[in-house]
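Work through the following exercises with the sequence and the predicted model side by side. Each task is followed by a solution in steps.

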Amino acid sequence: MHARADAADTTTPTWPDDIFATLQRFDVRQVPYVPDAGHSKLIQRVLGSSTMRGIPLTTEEEGVALLAGAWTGGQRGVLLMQSSGVGNCINMLSLIPILRFPFLTLVTMRGEWGEFNPWQVPMGSTTQGVLELSGVKVLRASNAAEVPAVLEAAAAQAYNALTPTAVLLSQRLIGAKVFTK
């Protein structure tokens, strides 16, 4: 038995391209990430870019510190992670209000729409609350049509108003994984 992505929609999603275009407009240079199927197309775009640097992490909290360092060095960044990784970042999120650096994270959600893995449900159901309790403003995109406007608003909040911001990319948007034999 193994997991596979839900094959209900066989078209290639374009919302990762919308995210990439918005990040380019906001002059994002550093993109730390923990490899994740939900972010795979965006990660491929970043790795193929001459203006952005994709930085693989061993754990998500490294990305919070990396964004602080990027800002200190005069560059903007965005942290890509899965909802389960938010739990790994709780202590590091305390750096954001102390250092006052722009923080934007894009979180692919698990543990919600059609989840097959019970281990994903606890963090998936508390991700928004954990982020908000940590002082991070949370926006959500549940369908592809919402992605450009949500990303534009999130990037403006994070980079212009220095409001720590997370965008939750819903499991319905990224596609639920299903358990098969």
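**Exercise 1.** Determine in which element threonine 22 is found, and decide whether threonine 22 is buried or exposed.

*Solution.* Begin with the secondary structure, where threonine 22 falls within helix H1, which spans residues 15–25. Next take the relative accessible area, which is 2% for threonine 22; because buried means under 20%, threonine 22 counts as buried. Finally, once neighbours within four places in sequence are set aside, the contacts of threonine 22 are Leu151, Glu152 and Ala155.

**Exercise 2.** Describe the largest nonpolar core and find which element gives the most to this core.

*Solution.* The largest nonpolar core comprises 28 residues, and those with the most contacts inside it include Ile19, Leu80 and Tyr159. Among the elements that give two or more residues to this core are H1, strand S2 (28–33) and helix H7 (147–160), and H7 gives the most, with seven residues. A second, separate core has 23 residues, including Phe103 and Val107.

**Exercise 3.** Explain why the buried residues of H7 lie on the same side of the helix.

*Solution.* First list the buried residues of H7, which are Val147, Val150, Leu151, Ala154, Ala155, Ala158 and Tyr159. They cover an arc of only 135° around the axis, and therefore lie on the same side of H7. In general, an α-helix has 3.6 residues a turn, so residues three or four places apart point the same way. On the other side of H7, by contrast, Ala149 and Asn160 are exposed.

Notes
Residues are numbered from 1 along each chain as its sequence is written. This is a predicted model: local features need pLDDT of at least 70, side-chain atom pairs count only at pLDDT 80 or more; totals for chains, interfaces and linings use all residues. Side-chain values use heavy atoms; hydrogens and water are left out. Helices (H or I, at least four residues) and strands (E, at least two) are DSSP runs, numbered from the N terminus. Buried means under 20% relative accessible area, exposed over 50%, partly exposed in between (1.4 Å probe, protein chains only). Contact means heavy atoms within 4.5 Å. A nonpolar core is a set of buried Ala, Val, Leu, Ile, Met, Phe, Trp, Tyr and Cys residues joined through side-chain atoms within 4.5 Å. The arc is that of the directions from the helix axis to the C-beta atoms.
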